[in-house]
Amino acid sequence: MLVEEKSLGQILLEHTPLTPQQLEEALAIQREKGTKLGESLINLRFLKNEEIIKALSIQAGIPYINEIDPDQIPSDLITAVPINFAKKNEILPLKKEDGMIYVVMSDPVNHMAIDDLRLIFEQPIKPMVADTARIMEAINVCYNRKAGSGAVMEDLGDEENLDMMAQELEEVQDLLDSADEAPIIKLVNQLLFQSVKQKASDIHIEPFERELVVRFRIDGVLYDIMHPPKKAQNSILSRIKIMANLNIAEKRLPQDGRIRLKLAGKDIDIRVSSLPTSFGESIVMRLLDRSKVLLTLDAIGFEGEKLAVIRDLLKHSHGIFLVTGPTGS
(Lines give C-alpha, C1' and ligand atoms only; values in the text may rest on other atoms or scores of the structure.)
Protein backbone atom coordinates (compact mmCIF):
# COMPACT_ATOMS: atom_id res chain seq x y z
CA MET A 1 0.00 0.00 0.00
CA LEU A 2 1.42 3.36 -1.05
CA VAL A 3 1.69 6.09 1.60
CA GLU A 4 0.72 9.52 0.33
CA GLU A 5 3.64 11.92 0.52
CA LYS A 6 2.78 15.01 2.56
CA SER A 7 3.38 18.46 1.15
CA LEU A 8 5.62 20.93 2.94
CA GLY A 9 2.56 22.99 3.88
CA GLN A 10 0.88 20.01 5.56
CA ILE A 11 4.02 19.21 7.53
CA LEU A 12 4.36 22.84 8.66
CA LEU A 13 0.74 22.88 9.86
CA GLU A 14 1.34 19.72 11.90
CA HIS A 15 4.73 20.58 13.41
CA THR A 16 4.78 24.38 13.75
CA PRO A 17 2.44 27.14 15.09
CA LEU A 18 1.56 28.05 11.47
CA THR A 19 -2.18 28.57 10.89
CA PRO A 20 -4.09 27.64 7.70
CA GLN A 21 -4.77 31.34 7.06
CA GLN A 22 -1.06 32.18 7.26
CA LEU A 23 -0.24 29.27 4.94
CA GLU A 24 -2.76 30.51 2.36
CA GLU A 25 -1.29 34.02 2.51
CA ALA A 26 2.24 32.63 1.95
CA LEU A 27 1.04 30.39 -0.90
CA ALA A 28 -0.59 33.40 -2.57
CA ILE A 29 2.71 35.30 -2.43
CA GLN A 30 4.52 32.21 -3.73
CA ARG A 31 2.19 32.02 -6.75
CA GLU A 32 2.42 35.76 -7.37
CA LYS A 33 6.20 36.24 -7.05
CA GLY A 34 7.48 32.72 -7.79
CA THR A 35 9.38 32.48 -4.49
CA LYS A 36 9.84 29.36 -2.40
CA LEU A 37 7.18 28.67 0.24
CA GLY A 38 9.72 28.69 3.05
CA GLU A 39 11.16 32.00 1.88
CA SER A 40 7.67 33.57 1.80
CA LEU A 41 6.90 32.34 5.33
CA ILE A 42 10.17 33.75 6.67
CA ASN A 43 9.68 37.12 4.94
CA LEU A 44 6.18 37.34 6.43
CA ARG A 45 7.71 36.46 9.83
CA PHE A 46 5.25 33.61 10.28
CA LEU A 47 8.06 31.07 10.86
CA LYS A 48 11.78 30.98 11.52
CA ASN A 49 14.37 29.50 9.18
CA GLU A 50 15.05 26.66 11.63
CA GLU A 51 11.38 25.61 11.58
CA ILE A 52 11.37 25.51 7.77
CA ILE A 53 14.54 23.37 7.67
CA LYS A 54 13.13 20.93 10.24
CA ALA A 55 10.00 20.53 8.11
CA LEU A 56 12.12 19.92 5.01
CA SER A 57 14.07 17.23 6.85
CA ILE A 58 10.80 15.50 7.79
CA GLN A 59 9.58 15.69 4.20
CA ALA A 60 12.85 14.27 2.85
CA GLY A 61 13.15 11.63 5.59
CA ILE A 62 16.60 12.92 6.60
CA PRO A 63 17.56 13.26 10.30
CA TYR A 64 17.83 16.75 11.80
CA ILE A 65 20.66 17.53 14.23
CA ASN A 66 20.67 20.36 16.77
CA GLU A 67 24.39 20.62 17.49
CA ILE A 68 27.57 20.56 15.40
CA ASP A 69 30.90 20.12 17.23
CA PRO A 70 33.69 21.43 14.94
CA ASP A 71 36.36 19.92 17.21
CA GLN A 72 35.11 16.41 16.38
CA ILE A 73 35.40 16.87 12.59
CA PRO A 74 38.57 15.28 11.13
CA SER A 75 40.84 17.80 9.45
CA ASP A 76 41.34 15.58 6.38
CA LEU A 77 37.62 15.82 5.59
CA ILE A 78 37.75 19.62 5.83
CA THR A 79 40.85 19.78 3.63
CA ALA A 80 39.14 17.77 0.90
CA VAL A 81 36.23 20.22 0.54
CA PRO A 82 36.94 23.77 -0.77
CA ILE A 83 35.62 26.48 1.55
CA ASN A 84 33.79 28.27 -1.29
CA PHE A 85 31.91 25.07 -2.09
CA ALA A 86 31.04 24.52 1.58
CA LYS A 87 29.71 28.07 2.04
CA LYS A 88 27.87 28.25 -1.27
CA ASN A 89 26.02 24.98 -0.62
CA GLU A 90 25.88 25.36 3.19
CA ILE A 91 27.26 21.85 3.56
CA LEU A 92 29.99 20.37 5.79
CA PRO A 93 31.46 16.85 6.16
CA LEU A 94 31.18 15.54 9.72
CA LYS A 95 32.67 12.06 9.96
CA LYS A 96 33.67 8.90 8.14
CA GLU A 97 31.88 5.81 9.43
CA ASP A 98 30.90 2.37 8.06
CA GLY A 99 32.36 3.19 4.67
CA MET A 100 30.22 6.33 4.34
CA ILE A 101 30.83 10.08 4.65
CA TYR A 102 28.30 11.79 6.93
CA VAL A 103 27.60 15.40 5.95
CA VAL A 104 25.35 18.11 7.35
CA MET A 105 23.50 20.52 5.05
CA SER A 106 20.74 23.13 5.21
CA ASP A 107 18.95 22.07 2.02
CA PRO A 108 18.14 18.33 2.02
CA VAL A 109 17.10 18.41 -1.64
CA ASN A 110 20.41 19.82 -2.89
CA HIS A 111 21.27 16.60 -4.73
CA MET A 112 23.93 18.26 -6.92
CA ALA A 113 26.05 19.10 -3.87
CA ILE A 114 25.71 15.52 -2.60
CA ASP A 115 26.78 14.18 -6.00
CA ASP A 116 29.81 16.50 -6.01
CA LEU A 117 30.88 15.25 -2.56
CA ARG A 118 30.43 11.67 -3.72
CA LEU A 119 32.94 12.39 -6.50
CA ILE A 120 35.34 14.13 -4.10
CA PHE A 121 35.41 11.36 -1.49
CA GLU A 122 34.66 8.45 -3.84
CA GLN A 123 32.38 7.05 -1.12
CA PRO A 124 28.61 7.06 -0.45
CA ILE A 125 27.28 10.22 1.20
CA LYS A 126 24.89 10.11 4.18
CA PRO A 127 23.19 13.54 4.55
CA MET A 128 21.84 15.11 7.72
CA VAL A 129 20.14 18.47 8.17
CA ALA A 130 20.84 21.42 10.47
CA ASP A 131 20.03 25.11 10.75
CA THR A 132 21.88 27.42 8.35
CA ALA A 133 23.40 29.57 11.11
CA ARG A 134 24.87 26.53 12.90
CA ILE A 135 26.35 25.16 9.68
CA MET A 136 27.92 28.49 8.69
CA GLU A 137 29.37 28.97 12.17
CA ALA A 138 30.88 25.46 12.07
CA ILE A 139 32.29 26.11 8.58
CA ASN A 140 34.02 29.28 9.77
CA VAL A 141 35.43 27.58 12.86
CA CYS A 142 36.73 24.57 10.90
CA TYR A 143 38.34 26.53 8.08
CA ASN A 144 39.88 29.06 10.48
CA ARG A 145 41.30 26.35 12.74
CA LYS A 146 44.67 26.28 10.99
CA ALA A 147 44.61 29.95 10.09
CA GLY A 148 44.09 31.25 13.62
CA SER A 149 45.37 34.58 14.83
CA GLY A 150 48.33 32.89 16.55
CA ALA A 151 49.70 31.49 13.29
CA VAL A 152 49.03 34.79 11.55
CA MET A 153 50.94 36.69 14.21
CA GLU A 154 53.90 34.37 13.65
CA ASP A 155 53.79 35.19 9.92
CA LEU A 156 53.73 38.89 10.76
CA GLY A 157 56.83 38.55 12.93
CA ASP A 158 59.12 38.10 9.93
CA GLU A 159 60.68 41.51 9.27
CA GLU A 160 61.50 40.63 5.68
CA ASN A 161 57.85 39.71 5.03
CA LEU A 162 56.69 42.91 6.71
CA ASP A 163 58.94 45.08 4.57
CA MET A 164 57.69 43.30 1.46
CA MET A 165 54.05 43.77 2.50
CA ALA A 166 54.64 47.42 3.30
CA GLN A 167 56.01 47.98 -0.23
CA GLU A 168 53.03 46.17 -1.76
CA LEU A 169 50.59 48.28 0.25
CA GLU A 170 51.95 51.47 -1.31
CA GLU A 171 50.18 50.43 -4.54
CA VAL A 172 46.39 50.12 -4.27
CA GLN A 173 46.17 47.74 -7.21
CA ASP A 174 48.68 45.30 -5.67
CA LEU A 175 46.63 45.07 -2.49
CA LEU A 176 43.38 44.48 -4.34
CA ASP A 177 44.96 41.73 -6.43
CA SER A 178 46.80 40.08 -3.53
CA ALA A 179 45.94 36.49 -2.57
CA ASP A 180 43.57 35.79 0.30
CA GLU A 181 46.33 33.84 2.03
CA ALA A 182 48.51 36.94 2.61
CA PRO A 183 49.23 37.30 6.36
CA ILE A 184 47.70 40.79 6.63
CA ILE A 185 44.47 39.71 4.92
CA LYS A 186 44.24 36.59 7.08
CA LEU A 187 44.77 38.68 10.22
CA VAL A 188 42.04 41.22 9.33
CA ASN A 189 39.60 38.47 8.29
CA GLN A 190 40.26 36.59 11.53
CA LEU A 191 39.79 39.80 13.50
CA LEU A 192 36.36 40.42 11.95
CA PHE A 193 35.33 36.79 12.44
CA GLN A 194 36.34 36.80 16.11
CA SER A 195 34.51 40.09 16.75
CA VAL A 196 31.24 38.66 15.39
CA LYS A 197 31.75 35.38 17.27
CA GLN A 198 32.30 37.24 20.56
CA LYS A 199 29.34 39.56 19.84
CA ALA A 200 31.45 42.71 19.98
CA SER A 201 29.75 46.01 19.14
CA ASP A 202 32.98 47.84 18.22
CA ILE A 203 36.56 47.14 17.17
CA HIS A 204 39.17 49.71 18.22
CA ILE A 205 42.59 49.71 16.54
CA GLU A 206 44.78 52.17 18.43
CA PRO A 207 48.41 53.08 17.60
CA PHE A 208 50.84 53.97 20.38
CA GLU A 209 54.51 54.96 20.27
CA ARG A 210 55.88 51.41 20.35
CA GLU A 211 52.86 49.16 19.86
CA LEU A 212 49.53 48.68 18.12
CA VAL A 213 46.57 47.61 20.26
CA VAL A 214 43.34 45.95 19.09
CA ARG A 215 40.38 46.08 21.46
CA PHE A 216 36.82 44.74 21.29
CA ARG A 217 33.91 46.49 23.00
CA ILE A 218 31.66 43.79 24.45
CA ASP A 219 28.62 44.82 26.53
CA GLY A 220 30.06 48.31 26.86
CA VAL A 221 33.48 47.22 28.16
CA LEU A 222 36.73 47.38 26.14
CA TYR A 223 38.90 44.25 26.16
CA ASP A 224 42.45 43.93 24.83
CA ILE A 225 42.43 41.27 22.09
CA MET A 226 45.86 41.37 20.46
CA HIS A 227 49.02 43.45 20.00
CA PRO A 228 50.16 43.10 16.35
CA PRO A 229 53.76 44.17 15.52
CA LYS A 230 54.19 47.93 15.18
CA LYS A 231 55.77 47.41 11.74
CA ALA A 232 52.50 45.88 10.50
CA GLN A 233 50.48 48.96 11.50
CA ASN A 234 50.35 50.65 8.09
CA SER A 235 49.58 47.36 6.33
CA ILE A 236 46.67 46.52 8.66
CA LEU A 237 45.18 50.02 8.51
CA SER A 238 45.54 50.18 4.73
CA ARG A 239 43.79 46.83 4.34
CA ILE A 240 40.83 48.04 6.41
CA LYS A 241 40.68 51.35 4.54
CA ILE A 242 40.67 49.51 1.20
CA MET A 243 37.77 47.33 2.40
CA ALA A 244 35.88 50.47 3.50
CA ASN A 245 36.58 52.33 0.22
CA LEU A 246 38.59 55.01 2.01
CA ASN A 247 41.52 56.95 0.57
CA ILE A 248 44.65 55.15 1.84
CA ALA A 249 46.85 58.07 0.80
CA GLU A 250 44.97 60.49 3.08
CA LYS A 251 46.31 60.14 6.63
CA ARG A 252 45.93 63.68 7.98
CA LEU A 253 42.13 64.03 7.87
CA PRO A 254 39.33 61.97 9.49
CA GLN A 255 37.47 59.63 7.12
CA ASP A 256 34.28 57.58 7.32
CA GLY A 257 33.44 54.48 5.33
CA ARG A 258 31.46 51.28 5.31
CA ILE A 259 32.13 47.56 4.90
CA ARG A 260 29.37 45.08 4.06
CA LEU A 261 30.14 41.40 4.40
CA LYS A 262 28.79 38.03 5.45
CA LEU A 263 30.24 36.22 8.45
CA ALA A 264 28.99 32.93 9.88
CA GLY A 265 25.82 33.26 7.83
CA LYS A 266 25.08 36.76 9.14
CA ASP A 267 24.90 39.95 7.09
CA ILE A 268 27.17 42.40 8.90
CA ASP A 269 27.29 46.14 8.25
CA ILE A 270 30.50 47.74 9.56
CA ARG A 271 30.81 51.52 9.91
CA VAL A 272 34.48 52.52 9.76
CA SER A 273 35.93 55.76 11.13
CA SER A 274 39.60 56.76 10.91
CA LEU A 275 41.16 59.56 12.94
CA PRO A 276 44.76 60.84 12.74
CA THR A 277 46.77 60.72 15.98
CA SER A 278 50.36 61.45 17.00
CA PHE A 279 51.42 57.84 16.34
CA GLY A 280 49.39 57.09 13.21
CA GLU A 281 45.75 56.64 12.33
CA SER A 282 43.28 55.23 14.85
CA ILE A 283 40.39 53.21 13.46
CA VAL A 284 37.04 52.41 15.08
CA MET A 285 34.66 49.90 13.49
CA ARG A 286 31.03 49.70 14.62
CA LEU A 287 29.46 46.30 13.88
CA LEU A 288 25.74 46.10 13.06
CA ASP A 289 24.03 42.76 12.47
CA ARG A 290 21.66 43.40 9.55
CA SER A 291 20.05 39.97 9.97
CA LYS A 292 18.48 41.04 13.26
CA VAL A 293 14.95 42.08 12.39
CA LEU A 294 12.69 44.40 14.38
CA LEU A 295 10.88 42.48 17.10
CA THR A 296 7.37 43.04 18.45
CA LEU A 297 6.82 44.22 22.02
CA ASP A 298 5.60 40.74 22.93
CA ALA A 299 8.74 39.14 21.46
CA ILE A 300 11.14 41.27 23.54
CA GLY A 301 9.51 40.29 26.83
CA PHE A 302 6.77 42.84 27.58
CA GLU A 303 3.53 41.31 28.78
CA GLY A 304 0.48 41.92 30.93
CA GLU A 305 0.12 45.31 32.61
CA LYS A 306 3.48 46.66 31.31
CA LEU A 307 2.53 45.85 27.73
CA ALA A 308 -0.85 47.57 28.17
CA VAL A 309 0.83 50.69 29.60
CA ILE A 310 3.26 50.92 26.68
CA ARG A 311 0.51 50.46 24.10
CA ASP A 312 -1.49 53.21 25.80
CA LEU A 313 1.52 55.58 25.77
CA LEU A 314 2.02 54.95 22.07
CA LYS A 315 -1.42 56.41 21.40
CA HIS A 316 -0.41 59.80 22.83
CA SER A 317 0.28 62.62 20.38
CA HIS A 318 3.61 63.57 21.98
CA GLY A 319 6.23 62.21 24.38
CA ILE A 320 9.51 60.32 24.40
CA PHE A 321 10.77 56.82 25.18
CA LEU A 322 14.30 56.48 26.59
CA VAL A 323 15.94 53.11 25.84
CA THR A 324 19.27 52.68 27.67
CA GLY A 325 21.87 49.97 27.95
CA PRO A 326 25.03 48.68 26.26
CA THR A 327 25.22 48.86 22.46
CA GLY A 328 23.58 45.82 20.92
CA SER A 329 21.72 44.81 24.08
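Mentor: Let's start at D219, which sits in the loop between β5 (212-218) and β6 (221-226). Keep in mind that this is a predicted model.
Trainee: OK, what is phi of D219 near?
Mentor: Phi is near 55° there, a positive value in a residue that isn't glycine. Most residues other than glycine have a negative phi.
Trainee: And is D219 buried or exposed?
Mentor: D219 counts as exposed, because its relative accessibility is 55% and the cut-off for exposed is over 50%.
Trainee: Which residue just after α12 takes a positive phi?
Mentor: That's K199, with a phi of about 60°. K199 isn't a glycine either, and its place is the loop between α12 and β4 (202-207). K199 is exposed too, at a relative accessible area of 67%.
Trainee: What about just after α13, which residue has a positive phi there?
Mentor: N245, again with a phi of about 60°.

Trainee: Let's switch to the helices themselves. How many residues does α12 have, and how far does it reach?
Mentor: α12 has 15 residues and spans 21 Å from first C-alpha to last, close to the 21 Å expected at 1.5 Å a residue.
Trainee: Is α12 mostly covered or mostly open?
Mentor: Mostly covered, with 12 of its 15 residues buried. Among them are P183, I184, I185, L187, V188 and F193, and also K186 and Q190.
Trainee: How do α12 and α13 cross?
Mentor: Helix α12 (residues 183-197) and helix α13 (residues 233-243) have axes that come within 10 Å and cross at roughly 65°. The crossing is right-handed.
Trainee: Which residues make that contact?
Mentor: On the α12 side, I184, I185, L187, V188 and L192; on the α13 side, S235, I236, R239, I240 and M243. By class, the contact has 8 nonpolar residues, 1 polar and 1 charged.
Trainee: How many of the residues of α13 are buried?
Mentor: 9 of the 11, so α13 is largely enclosed by the rest of the structure. The buried ones include S235, I236, S238, R239 and I240.
Trainee: Tell me about S238, then. Buried or exposed, and by what number?
Mentor: S238, in helix α13, has a relative accessible area of 9% and is buried.

Trainee: Which helix has an axis that comes within 12 Å of the axis of α12?
Mentor: Helix α8 (residues 132-144), and the two axes cross at roughly 140°. α8 and α12 are therefore oblique to each other, and this crossing is left-handed.
Trainee: Which residues meet there?
Mentor: N140, V141 and N144 in α8 meet Q190, F193 and K197 in α12. That contact divides into 2 nonpolar, 3 polar and 1 charged.

Trainee: Moving on. At what angle do α1 and α4 pack?
Mentor: Helix α1 (residues 8-15) packs on helix α4 (residues 49-60) at about 120°, and their axes are 9 Å apart. α1 passes α4 in a right-handed crossing. L8, I11, L12 and H15 of α1 touch E51, I52, A55, L56, I58 and Q59 of α4. The classes there are 7 nonpolar, 2 polar and 1 charged.

Trainee: What does L288 touch, leaving aside neighbours within four places in sequence?
Mentor: D267, I268, D269 and R271. For R271, the C-alpha to C-alpha distance from L288 is 8.1 Å, and the two are 17 residues apart in sequence.

Trainee: Last one, zooming out: how many helices and strands are there in the protein?
Mentor: 14 helices and 9 strands. Of the 329 residues, 39% count as buried. And of the contacts with a separation of 6 or more, 52% come from residues 24 or more positions apart.

How values were computed. Residues are numbered from 1 along each chain as its sequence is written. This is a predicted model: local features need pLDDT of at least 70, side-chain atom pairs count only at pLDDT 80 or more; totals for chains, interfaces and linings use all residues. Side-chain values use heavy atoms; hydrogens and water are left out. Axes are lines fitted to C-alpha atoms, for helices over the stretch in contact, and angles run from 0 to 180 degrees between N-to-C directions. Helices (H or I, at least four residues) and strands (E, at least two) are DSSP runs, numbered from the N terminus. A crossing is left-handed if the near helix is turned anticlockwise from the far one by less than a right angle, and right-handed if clockwise. Contact means heavy atoms within 4.5 Å. Ala, Val, Leu, Ile, Met, Phe, Trp, Tyr, Cys and Pro count as nonpolar, Asp, Glu, Lys and Arg as charged, and the others, Gly among them, as polar. The expected span of a helix is 1.5 Å times one less than its number of residues. Buried means under 20% relative accessible area, exposed over 50%, partly exposed in between (1.4 Å probe, protein chains only). Angles under 35 degrees count as roughly parallel, over 145 as roughly antiparallel, 65 to 115 as roughly perpendicular and the rest as oblique.
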